[in-house]
Amino acid sequence: MCNGAIFDLDGVVLDSMSIWNDLGARYLRRLGVAPEPGLNEILFSMSMEQGAAWLKNRFTLEYSEEKIVMDLKAR
């Protein structure tokens with residue numbers, strides 16, 4: 001007897017890539033920082049934590065890497 005099932009819909013029924021595509025640039029714009037051209041390609045291969053560290057260092061953001069990750073996940 002099966003009491004439940006788990007489905008991974010992303011990539012099959014739903015496509016969430018558009019949400020993540022421009023996330024770094026949208027985050028920077030909300031902070032009043034102009035994103036550089038090609039930002040999406042730079043961040044694409046990074047984990048969320050790596051991307052937060054890169055954004056913090058590249059744009060001299062005052063927030064901790066943990067706060068940046070939390071802010072990105074909240075969007």
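These legends walk through a few close-ups of the model above. The model is predicted, with local features needing pLDDT of at least 70 and side-chain atom pairs pLDDT 80 or more, while totals for chains, interfaces and linings use all residues. Residues are numbered from 1 along each chain as its sequence is written, and side-chain values use heavy atoms, leaving out hydrogens and water.

**View A. The largest pocket.** This pocket has a volume of about 330 Å³. Of its 16 lining residues, Trp20, Leu23, Leu43, Phe44 and Met46 sit closest to the centre. A pocket here is an open set of points on a 1 Å grid over the protein atoms alone, where a 1.4 Å probe fits, with protein on both sides within 12 Å along at least five of seven lines; lining residues have an atom within 4 Å of a point. Points are joined across faces, edges and corners, and the volume is the space filled by probe spheres set on them.

**View B. Who builds the pocket lining.** Helices are DSSP runs (H or I, at least four residues) numbered from the N terminus. By type, the lining splits into 10 nonpolar, five polar and one charged residue; Ala, Val, Leu, Ile, Met, Phe, Trp, Tyr, Cys and Pro count as nonpolar, Asp, Glu, Lys and Arg as charged, and the others, Gly among them, as polar.

**View C. Alanine 53 in helix α4.** Alanine 53 is buried, at 18% relative accessible area (buried is under 20%, exposed over 50%, partly exposed in between, with a 1.4 Å probe and protein chains only). Its C-alpha lies 8.5 Å from that of serine 64, 11 residues away along the chain.

**View D. Glutamate 36 meets arginine 58 in a salt bridge.** The closest N and O atoms are 2.8 Å apart; the rule asks for a side-chain nitrogen of Lys or Arg within 4 Å of a carboxyl oxygen of Asp or Glu. Glutamate 36 is in the loop between α2 and α3 and arginine 58 in α4, so the pair ties together parts 22 residues apart in sequence. Both are partly exposed, glutamate 36 at 21% and arginine 58 at 44%.

**View E. The other salt bridges, out of three in total.** Aspartate 22 pairs with arginine 29 at 3.6 Å, N to O. Lysine 67 and aspartate 71 come to 3.0 Å, and both lie in α5 (residues 65-74), four residues or about one turn apart. Lysine 67 is partly exposed at 32%, whereas aspartate 71 is buried at 16%.

Notes:
Helix = DSSP H or I, 4+ residues; strand = E, 2+ residues; numbered from the N terminus.
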